[in-house]
Amino acid sequence: MKMTIVKCILVAFSFIYSSAWIGYAEHPTDSTKTRTTSQNQLNYLQQLAQYRKPLPVNNNEETLYTINTLPQIKKYRTFPQLDQVLEEQGSFGKSFDLLAPEFNEAYLENYVDNKPRADSLIAKAIRAVKAVKKLGNFVDVITGNSPLQLPIGLSKKTDSTSGNQVELVITQVQFHPQYAEFKAWAKLTIPQKEKVLRLIDDADDATKALLKQDLDESAELLTELTQRPELVNAWRKLFKEGDVVSGALRKDINTLEWVSKNADDIAYDVADNLLRNLNGKTVEKTFKDAQGRLVVMAESFNFTRTVATLEKTAIGEVKSFKYTNAYNKAGQPGKPPVSANGLTPDFSGNPEWLYPITGNQKNIVKIKLSGKRKGTDGDFHRANQEAGFPTTKAPEGYTWHHMDDFDPVTG
């Protein structure tokens, strides 16, 4: 524990849509290449047209057809007739939430010819996106004022209405006197609510209805769960009917990621303890700190705030801890900023607050906690030894200040 912008010309552009290829444009002609309809697909559509035979009926306003390959008679209605049904019944009496999509990968494999060039570009795009994610090399804006390391990604942009999400990855840049050329790949994620709902089909109706409401209210959540189904279990684990903190954390991607990665199998009572520790307070911020803990900061207008964590103990158990007097004076005149972990003041950035050291002395040290402050076996004496001070007390007029970076595994 411590004690103390370029002009751009598009060269290549590729979209990933689920795993299906849409099209691409390539320099220097920037021509758009798209897949043509295959002969198999044309044959399929022609067979459908042949199978439909009119069946004479007395009602002149409605035409019925039979499908030769099916034993039952299917009814086909015009749009005005469907409008009439909606006006009379209010709906078609059928839920589409859990229906599987018709144009899936199996359909594409059967009726869309493969194009080696397109498949090669898709593979390059996938590798580029994975490489940037592995490096964590994302920025919000490219200004041209600072050096960039390639490949680089522009952070996810989510449309608040549709939930469509775009990630842009730049892999090559060539500079010219008046402009720059770059090669970029884009990944487009289109949320699929029915895909997510199928993953909670075993939940009771009341829970399912409220979780579905989450998806209706948060386009970002729907997009993330569509793209990363491994987060669904964490989403469900944090569910507690009527709890405002639960409602906030279920839609918080930082929280879902932490629980999914570190505590996907935690008991429901641990999640309940986290909610109880925050006690209905408004969640202001969540993040993973340097020690790997999930930190949830409650909104506060006082000098202190409530902070709750999810963290692993030295024996690997996941527990929630509550800090009721976390520091909240940052930004006020003469007050130090808050620490990176959000619990204590951080004096390290201003020499005026630190002891003026000489020679081999230190004014910031790291020690193993003893469990007490004073005495020859206490934290202050250990800090003095690390800092090069001969006594058991800090120099006159100064005191040691514990930081909030305790590691339960190493002490």
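**Figure 1. The surface of the whole chain.** In this predicted model, the chain exposes about 25100 Å², and carbon and sulfur atoms supply 51% of that area. Buried residues account for 36% of the 411 residues in the chain.

**Figure 2. A nonpolar patch on the surface.** Here Leu 150, Val 173 and Phe 175 come together as a nonpolar patch, with about 270 Å² of accessible area together. To find your way, look for strand β11 (residues 165–175), which holds Val 173. Val 173 has a relative accessible area of 33%, so it counts as partly exposed.

**Figure 3. An open sheet of 4 strands.** Follow the order β13-β14-β15-β16 and you have crossed this open sheet, whose pairing is antiparallel. The edges belong to β13 (283–288) and β16 (318–327), each of which pairs on one side only. From one strand to the next, the twist averages 20 degrees. As background, strands of a sheet pair through backbone hydrogen bonds, either parallel or antiparallel.

**Figure 4. Strands β14 and β15, with the helices that meet the sheet.** Strand β14 (residues 294–298) pairs with strand β15 (residues 304–312) in the antiparallel sense, over 4 bridges. A handy landmark is Val 295, which stands opposite Thr 309 in β15. Helix α11 (residues 268–278) packs on the sheet, where it touches β14, β15 and β16. The direction of α11 makes about 10 degrees with that of β16. Another helix, α10 (residues 253–262), lies across β13, β14, β15 and β16 and runs at about 40 degrees to β13.

Figure 5. The side chains of Arg 305 and Glu 284 meet in a salt bridge, at 3.6 Å from N to O. This pair links distant parts of the chain, with Arg 305 in strand β15 and Glu 284 in strand β13, 21 residues apart. The two partners have their own levels of cover: Arg 305 counts as buried at 7% relative accessibility, while Glu 284 counts as partly exposed at 43%.

Figure 6. Asp 214 lies in helix α6 (residues 205–217) and Arg 250 in the loop between α9 (244–249) and α10, so the pair ties together parts that are 36 residues apart in sequence. Both Asp 214 and Arg 250 are buried.

**Figure 7. A network of salt bridges.** Start with Glu 230 and Arg 228, whose side chains meet in a salt bridge at 3.8 Å, N to O. With 44% relative accessibility, Glu 230 counts as partly exposed. Now widen the view: salt bridges that share partners join Glu 224, Arg 228, Glu 230 and Glu 257 into one network.

**Figure 8. Helix α12 and the residue just after it.** Helix α12 spans residues 379–387, and its buried residues are Asp 379, Phe 380, His 381, Ala 383, Asn 384 and Ala 387. Just after α12 comes Gly 388, which takes a positive phi of about 90 degrees.

How values were computed: Residues numbered from 1 in each chain as written. Predicted model: local features only at pLDDT ≥ 70, side-chain atom pairs only at ≥ 80, totals over all residues. Heavy atoms only, no water. Pairing = 2+ DSSP bridges. Helix = DSSP H or I, 4+ residues; strand = E, 2+ residues; numbered from the N terminus. Axes fitted to C-alpha atoms, helices over the stretch in contact; angles between N-to-C directions. Contact = heavy atoms within 4.5 Å. Buried < 20%, exposed > 50% of the residue type's maximum accessible area, 1.4 Å probe, protein only. Areas by Shrake-Rupley, 256 points an atom, 1.4 Å probe, with all protein chains shown as cover. Patch = residues over 30% accessible without salt bridge, like charges linked within 9 Å, V, L, I, M, F, W, Y side chains within 5 Å. Salt bridge = Lys/Arg side-chain N within 4 Å of Asp/Glu carboxyl O.
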